[in-house]
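Here's a quick briefing on one structure. Have a look at it first, then we'll go through a few spots.

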Amino acid sequence: MPLFNFALRPVDEIEPWGTSPDLSLSWFGLTDGIYWIDAGGEPLFRYSDELVEGWPIDSFVGPYVDYQVIRLYEDLIDILPAILCSLSHRLSVLIQKSTDKQSCIDSYFSWEGRLSKNDDRLWDLADSASSWLCERSLTTLHLLAGPRIKIWRESNWITIAWNNSDLTINGIRAWKSLEGSYRLSVDEFVSEITSFHDRLMSEMRHRVDFIRAGWNRPEIRIDIDSLVNEQSYREGILESALNQKLEVLDEHVIVEAIDRILGSTLPKPE
């Protein structure tokens with residue numbers, strides 16, 4: 001099974017945006033579907049059995065996240081340059097440490113409340129740590145109790161690590177896979193994300209061509225030219241992300257920042 005998995009909802013079943021009579025669908029909206037990550041047999045973005053038992057039966061959605069598939073793709077592309085930037089072992093240990101604690105955003109705001117507004121250096125540290133961690137964290141804030149997933153590189157290996165053990169929805173365990181990690185080579189990871197790109201773009205290309213040939217839901221407005229232009233733009237995004245180079249990390253600053261926020265050296269409230 002691929003690392004990144006998805007299924008697009010049939011076009012005739014996609015709910016339009018807006019309220020009648022002003023209904024519309026965009027390229028983004030037409031990627032409505034389900035998605036999940038198969039991390040060595042551990043399904044990420046798969047809800048727990050206990051949670052799914054209480055849901056209405058939907059054979060298409062099943063136990064997986066029901067959202068626009070392009071959102072997972074975009075979130076991966078946004079952090080891909082950082083993911084492919086190799087970290088030292090010391091920084092890899094720190095990012096693993098951050099995975100064992102609360103999300104980087106929660107950690108940042110928790111620590112932020114302890115800072116003096118006049119301490120510019122600590123504010124700079126906070127921003128450095130927050131940015132560094134978030135650049136290697138999948139954004140899941142659009143989901144209720146979104147899973148915490150970090151992805152980073154050390155040498156020629158990519159690690160995907162997650163910790164969802166304390167996440168619940170209505171008091172029920174949210175996710176099937178609670179905690180773990182999965183490692184694959186950089187070449188394998190690039191191949192997997194390329195496969196995700198190729199499969200999604202191919203299916204969307206067929207979808208755009210189908211709509212261009214004759215849109216059978218006239219009550220829903222679609223800008224055909226916009227669809228064609230966005231399809232062309234989206235198909236070039238991956239190559240651009242793969243070729244983007246990041247600035248060299250100042251390891252000493254990052255180590256101090258992460259130690260401050262996630263360690264035991266938090267400044268005392270004034």
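In which loop is Ser177 found? Ser177 sits in the loop between strand 11 (172-173) and strand 12; strands (E, at least two residues) and helices (H or I, at least four) are DSSP runs, numbered from the N terminus. Keep in mind that this is a predicted model, where local features need pLDDT of at least 70, side-chain atom pairs count only at pLDDT 80 or more, and totals for chains, interfaces and linings use all residues. Residues are numbered from 1 along each chain as its sequence is written, and side-chain values use heavy atoms, with hydrogens and water left out.

**Around Ser177**
- Ser177 is buried, at 3% relative accessible area (buried means under 20%, with a 1.4 Å probe and protein chains only).
- Its side chain makes a polar contact of 2.8 Å with that of Trp162 (a pair of N or O atoms within 3.5 Å, where one must be able to donate a hydrogen and the other to accept it).

- An open sheet of 4 strands runs in the order 7-8-9-12, with mixed pairing (strands pair if DSSP finds at least two bridges between them).
- Strand 7 (86-87) and strand 12 (179-185) are at the edges with a single partner strand each, so one side of each lacks a neighbour in the sheet.
- Strand 8 (residues 149-154) and strand 9 (residues 157-163) run antiparallel, joined by 6 bridges.
- Glu154 has Trp157 in strand 9 as its bridge partner.

Definitions and conventions: Buried < 20%, exposed > 50% of the residue type's maximum accessible area, 1.4 Å probe, protein only.
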